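Trainee: I've got a model open on my screen and I'd like to talk it through with you. Can we take it piece by piece?

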Amino acid sequence: MLKIVFLHPDLGIGGAERLVVDAALALQLKGHQVHIVTSYHDPAHCFPETRDGTIPVTISGNWLPRSIFGFLALCAYIRMLWASFYTVFLSDMQPQVYFCDQVSMCIPVLRLSTSIPVIYYCHFPDLLLASHKTWIKKLYRAPLDWIEEKTTGLATTTVVNSHFTAGVFCDTFKSIRRRPKVLYPSLNFRSFDRECGNSLSSVIGTKQVMDFVFLSINRYERKKNLGLAIKAFGLLKSFLGDAKIHLIMVGGYDYRLVENVEHYDELQKLTSSLQLGDCVTFLRSPSDETKTCLLKNCHTLLYTPDKEHFGIVPLEAMYCQLPVIAVNSGGPLETVEDHRTGYLCHPTVEDFAEKMKYLYDNRNLATKMGERGRQRVIEHFSFNSFSQQLNELVGELTASST
């Protein structure tokens, strides 16, 4: 049995957090001892496994500022640096492996202060996600971008979430010679196999029976292109007239993040401007039970991000037998089979609306796509496969370090 300590900057609700929690659960099921160190953890806004004691969580560094004059990245670096300092010098955890992700600033402390191997899971290079539009932002980001590349290269091994991200990683971090390994995120099927007590009508807040319900699940961030789903739905509505169709917009929402608050309001205004108010429901950070209920009872998932690094939501939808309409770039190219488990579209309102109408008109095809999608997830993205690959990686690291 090994002890693995995870370092993650902000243990909230999102794809990166789900990956970390699943990785900890996977290693736990393989007989290892796991512990997560984070600078922020809110029991009211987290995955249940980090709240109910399944995975031990230690919070260190929450006293440090999360933002200084709007500069989030610098503060994230400082908070992660403190978390690593705390773990190495002030705690008695004594792990055999470190697993960190999102912010690579902790790696030098872990590597230079100990001989313990470090796994760094790169969801996507942060320097490509940050804005460099103004000269002030360019000046601010220049040292951070340099630090990101140099500290990432110090990890014992680097893992990414898709072949798409692996290619971007190599093109971005020129000084890092070795190609990262690919470890697809997975689904814990048990969480989706349980019965859900909520009905779709109770979630929407109406007793009216809906003929076809489209679902969008993503954080309320502008880069997720959520307006595309609303506009495509509006165009579809103009095609179908009085058809009883509905769109449910589900998003991770953190009141501390200005963009979440602003973009949520922007999407509501967009809905009103298209006169779709009664046909669109917005949900903010719903419970896992509600999310599972939606995935099991809606008819099609709309996945709008362009060049998404991986995207766990299409897998969740396919496992729950929903066809997926997604943008034809990034992670969905590796998860969604075009014309078999859904459609890969250009990120245009017309292309999305056309595929939405086709599935609305061809219910049997939508059902068959859902069945094929579930089988694909079971065969290629199971939690057992993920657990086995991660356990082997940990075993190789500890064997080579002794």
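Predicted model: local features only at pLDDT ≥ 70, side-chain atom pairs only at ≥ 80, totals over all residues.

Trainee: Is serine 186 buried or exposed?

Mentor: Check who touches it first: leaving out residues up to four places away in sequence, serine 186 has contacts with Asp22, Ile312, Phe381, Ser382, Phe383 and Phe386. Its relative accessible area is 3%. Buried means under 20%, so serine 186 is buried.

Trainee: Now the open sheet of seven strands: which are its edge strands?

Mentor: The order is 3-2-1-4-5-6-7, with parallel pairing. An edge strand pairs on one side only, and that picks out strand 3 (57–59) and strand 7 (181–182).

Trainee: In strand 2, what is the bridge partner of histidine 8?

Mentor: Strand 1 (residues 3–8) pairs with strand 2 in the parallel sense, over six bridges. Strand 2 (residues 33–38) is mostly covered, with five of its six residues buried. The strand 2 partner of histidine 8 is threonine 38.

Trainee: And in strand 6, what is the bridge partner of cysteine 122?

Mentor: Here you want strand 5 (residues 118–122) and strand 6 (residues 157–160), a parallel pair with four bridges. In strand 6, cysteine 122 is bridged to valine 160.

Trainee: What angle does the direction of helix 6 make with that of strand 6?

Mentor: Helix 6 (residues 163–172) packs on the sheet, where it touches strand 5, strand 6 and strand 7.

Trainee: Let's go to helix 9. How many of its 15 residues are buried?

Mentor: Helix 9 (residues 226–240) reaches 22 Å from its first C-alpha to its last, close to the 21 Å expected at 1.5 Å a residue. Its buried residues include Leu226, Ile230, Phe233 and Lys237. Helix 9 is mostly covered, and the buried count is eleven.

Trainee: How do helix 9 and helix 10 lie, roughly parallel or roughly antiparallel?

Mentor: Helix 10 spans residues 258–273, and the two helices pack at about 10°, with axes 10 Å apart. Angles under 35 degrees count as roughly parallel, so helix 9 and helix 10 are roughly parallel.

Trainee: Which residues in helix 10 do they meet, those of helix 9?

Mentor: Helix 9 passes helix 10 in a right-handed crossing. From helix 9 come Leu226, Gly227, Ile230 and Lys231, and in helix 10 they meet His263, Leu267, Leu270 and Thr271.

Trainee: Is the crossing of helix 2 and helix 5 left-handed or right-handed?

Mentor: Helix 2 (residues 72–90) packs on helix 5 (residues 135–152) at about 40°, with their axes 10 Å apart. Helix 2 brings Leu72, Ala73, Leu74 and Tyr77 to the contact, and helix 5 brings Tyr140, Arg141, Leu144, Ile147 and Glu148. The crossing is left-handed.

Trainee: What is the relative accessibility of isoleucine 107?

Mentor: Isoleucine 107 is in helix 3 (residues 107–113). Among the residues it touches are Cys100, Val118, Tyr120 and Leu154. Isoleucine 107 counts as buried, because its relative accessibility is 0%.

Trainee: Glutamine 94 has a positive phi. What value is it near?

Mentor: Most residues other than glycine have a negative phi. Glutamine 94 is found in the loop between helix 2 and strand 4 (97–101), and it is exposed, with a relative accessible area of 66%. Its phi is near 50°.

Trainee: Is glutamine 321 exposed or partly exposed?

Mentor: Glutamine 321 lies in the loop between helix 12 (313–319) and strand 12, and its phi is also positive, near 70°. Its relative accessible area is 38%. Exposed needs over 50% and buried under 20%, so glutamine 321 is partly exposed.

Trainee: Last one: in strand 13, what is the bridge partner of alanine 326?

Mentor: Strand 12 (residues 324–327) and strand 13 run parallel, joined by four bridges. From strand 13 (residues 342–345), Gly342 and Leu344 point one way and Tyr343 and Cys345 the other, and all are buried. The partner of alanine 326 is leucine 344.

Key
Residues numbered from 1 in each chain as written. Heavy atoms only, no water. Pairing = 2+ DSSP bridges. Contact = heavy atoms within 4.5 Å. Axes fitted to C-alpha atoms, helices over the stretch in contact; angles between N-to-C directions. Expected span 1.5 Å × (residues − 1). Buried < 20%, exposed > 50% of the residue type's maximum accessible area, 1.4 Å probe, protein only. Parallel < 35°, antiparallel > 145°, perpendicular 65-115°, else oblique. Left-handed = near helix turned anticlockwise from the far one by under 90°.
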